[in-house]
Structures are given as structure tokens and as C-alpha cells.
Amino acid sequence: MTDKKTAPPPLRKASTVILVRENNQELEVYLLRRSTKSGFMGGLYVFPGGVVDPEDNGFDSWSPHIDMVPDQIEKQLGGHLFSNEDALGFSVAAIRETLEEAGVFIASVNNKTQKDIEDICKFRLKKGLPKSWFRTKMMDENWTLSFSSLGKWSHWITPELMKKRFDTRFFIAFMPENQICIPDNMETKHGIWVTPKIALEKNLEAQIPLSPPTVVTLTQLLKFKNLDDLKQEIQTRSWGEPVSPRLVQSSNGPVILEPWDTECHNDCKIDTSDLSEKVLPAGSWFSRIWCDKGVWKPVGI
């Protein structure tokens, strides 16, 4: 966190993928625990994701390797003030990061074998790969990225007082068949499939400590009973307004005010003296989230 008087760190473009599956008639999401050495959300469980690299951009080079034409990209993945070029870069990054961190490849299997998928999921674990490895491999081996498998979910802007800040698009995707999730054991150390309800409960118990956007997203997902409900939502969902929370520092631990909190845009002090008495039950809707000894807990006003 930085001093309030200094300019906030620049925003970096990033993508996150909410991987979803249905198991025993319940929705489950895949969460990865970030390395404790990470400079951002270290030790917390998050969805797969990371920054958009320069190699993720460029329609001329990528267009033969995606399963959508520009008009389709604009309709399914673009939006107001979100150009096709940006939609392309964020989407490529979403697929690349999901492969790198979770070992899941969101790509077309036409003209490819199961072994081809397994080989690339193993290849991503090689040490010392250059930044351009993904782009090079996609083009050399003529892969087609499955943009059609991605859906819009939300658009997050990191609070100004954070040391690192990101302009992040949260995509949603259904777990591909015949693949398994395997953390990279570098940026991410542990992965779990879990229902949103259990994840939120275990967060309060410090067993699955979640990042603040993950807590919000899992709370949003509680209302969907199955994949069919979720698929209907994705068909008409837009990116919506950017979720740009406000971070408030306090001696009792930092508090994040979400944009829908009445005090989020007032830049005024808030009472943080009795937050332990205001912790909300898992699954409750909230507008404030408090970091209690490394665990982000929704709290009432």
C-alpha cells in the first residue's frame, strides 16, 4: 500500500478465468492458491489469471488461430469502450494464463488428439520458457483458441492505494472435457474444486483464504443452481460498469469499500473499531470487506 499523497501505481491489463463445472448436481469453481512469495494477493486463493503480455495482442497474427471473426468477438466478448483489439488481447491472455497456471487448455480439439492436449499441458511446466512461448507454439502447431468458450463476467479496477494495480476482465468458462487441473507449482501452489458456498464458509475459517474479488464473485455465483442457469446468464451478460473499490487503511486492518457502498466515493473516515462484531455469515451480500489477520471477511455497516 502506498501513501495517499503519492500518485497511484499505473494500471496493468489482466485477465482472470472463472473455471466452472457441475459435480453431483452442484456448481463448483476451480481456485488456485497464489505463492506466498507473490507480490500481489500472496497466499490467497484466486481464479487462474495474470497480466496481458504484448505477445497476446495483434489481430493479423492471431486471427487464423481463434475460432471467431471480429463481429463475433465484438458481440460475445467486446462491449462499450472495449475495442475488438482489447477483447482479443484479454481473451488470449485469459486462455494462456489458464494453461500456464492451471494446466487447462481452452482450445479447439478439431484435428488434434488427446495426446496433443496432454503434451502442451506438460510443456507449459518447462522452466525458462520465454514470454513468447505460447504465441510461438500456437502458430507453429496451428492451434485454434476457443474464444467461443469464454463468457463475460465482470470488470475490476484495483483500489488506488494498492502497491500493484490491475485493470482486469473476469471471464467465465466451463471446464473442458477430458482435462484435469494441475497447478504450476510456481506462481500457484495448490488447486481445489469447491462449491462457492463451501469456499465462502472456509474463507471465514481461514482454511481457504480468498482474495476480495473472489469473495464477491463467489457470492454472486450462489444464486445459480446448475450449469444451465449459468449458461442462460452468460448469454445476455455484459461487462457492466467497472468495479472500482476504495481501500481504507486502519490500525485494525485494511477495509475495502465496494462501489455500491454509500461511503465508497465520499473519501471520508469510517468506523473500524468493532469490525470483529460486524462479520457477516458466509454468503451474505455485503459492501465492505475487512482484512482480519490476512483473511478478508465481509462486514456489515
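This is a predicted model: local features need pLDDT of at least 70, side-chain atom pairs count only at pLDDT 80 or more; totals for chains, interfaces and linings use all residues.
**Stop 1: F82 and W239**

Select F82 and W239. The two ring centres lie 5.8 Å apart and the planes meet at 85°; the pair is therefore edge-to-face, since an angle over 60 degrees counts as such. With a surface displayed, both F82 and W239 are found to be buried.

The charged end of R169 sits over the ring of W239, 5.1 Å from the ring centre.

**Stop 2: W260 and W285**

Next, select W260 and W285. This aromatic pair is stacked, with 5.3 Å from centre to centre and 20° between the planes. Both residues lie in the loop between β9 (255-257) and β10 (288-292), so the pair ties together parts that are 25 residues apart in sequence. W260 counts as partly exposed, at 35% relative accessibility. W285 is likewise partly exposed, at 48%.

Remain in the loop between β9 and β10 and select P281. P281 is exposed, with a relative accessible area of 55%. A distance drawn from the C-alpha atom of P281 to that of V299 reads 8.9 Å, for two residues 18 apart along the chain.

**Stop 3: an aromatic cluster**

Select W62, F105, F123, W133, F134 and W143 together; ring pairs link these residues into a cluster. In the model as a whole, the aromatic pairs number 14.

**Stop 4: the largest pocket**

Which residues are the closest to the centre of the largest pocket? Select R34, G49, G50, V51 and E187, which hold that place among the 45 residues of the lining. The volume of the largest pocket is about 960 Å³.

Now colour domain 1 (12-242) and domain 2 (245-300) separately. Both domains give residues to the lining, so the largest pocket lies between them.

Highlight next the elements that each supply at least two lining residues: β1 (11-23), β4 (49-51), α3, β5 (151-157), β6 (165-174) and α7 (212-221). The largest share, four residues, comes from β1. Coloured by residue class, the lining divides into 20 nonpolar, eleven polar and 14 charged residues.

From the pocket, proceed to α7, one of the elements that supply the lining. This helix is mostly covered, with nine of its ten residues buried. Among the buried residues of α7 are P212, P213, V215 and L218.

**Stop 5: two residues with positive phi**

Select N142, in the loop between α5 (133-140) and β5. Its phi is near 55°, a positive value in a residue other than glycine. N142 is exposed, with a relative accessible area of 52%.

Finally, select K293, in the loop between β10 and β11 (295-299). The phi of K293 is also positive, near 55°, and K293 is again a residue other than glycine. K293 counts as exposed, at 81% relative accessibility.

Conventions:
Residues are numbered from 1 along each chain as its sequence is written. Side-chain values use heavy atoms; hydrogens and water are left out. Rings of Phe, Tyr and Trp (its six-membered ring) pair if their centres lie within 6.5 Å; planes under 30 degrees apart count as stacked, over 60 as edge-to-face and the rest as tilted. Buried means under 20% relative accessible area, exposed over 50%, partly exposed in between (1.4 Å probe, protein chains only). A charge sits over a ring if NZ of Lys or CZ of Arg is within 6 Å of the ring centre and within 35 degrees of the ring normal. On a 1 Å grid over the protein atoms alone, a cavity is a set of points where a 1.4 Å probe fits but cannot get out, and a pocket is an open set with protein on both sides within 12 Å along at least five of seven lines; lining residues have an atom within 4 Å of a point. Grid points are joined across faces, edges and corners, and a volume is the space filled by probe spheres set on the points. Ala, Val, Leu, Ile, Met, Phe, Trp, Tyr, Cys and Pro count as nonpolar, Asp, Glu, Lys and Arg as charged, and the others, Gly among them, as polar. Domain bounds come from an automatic or database domain assignment.
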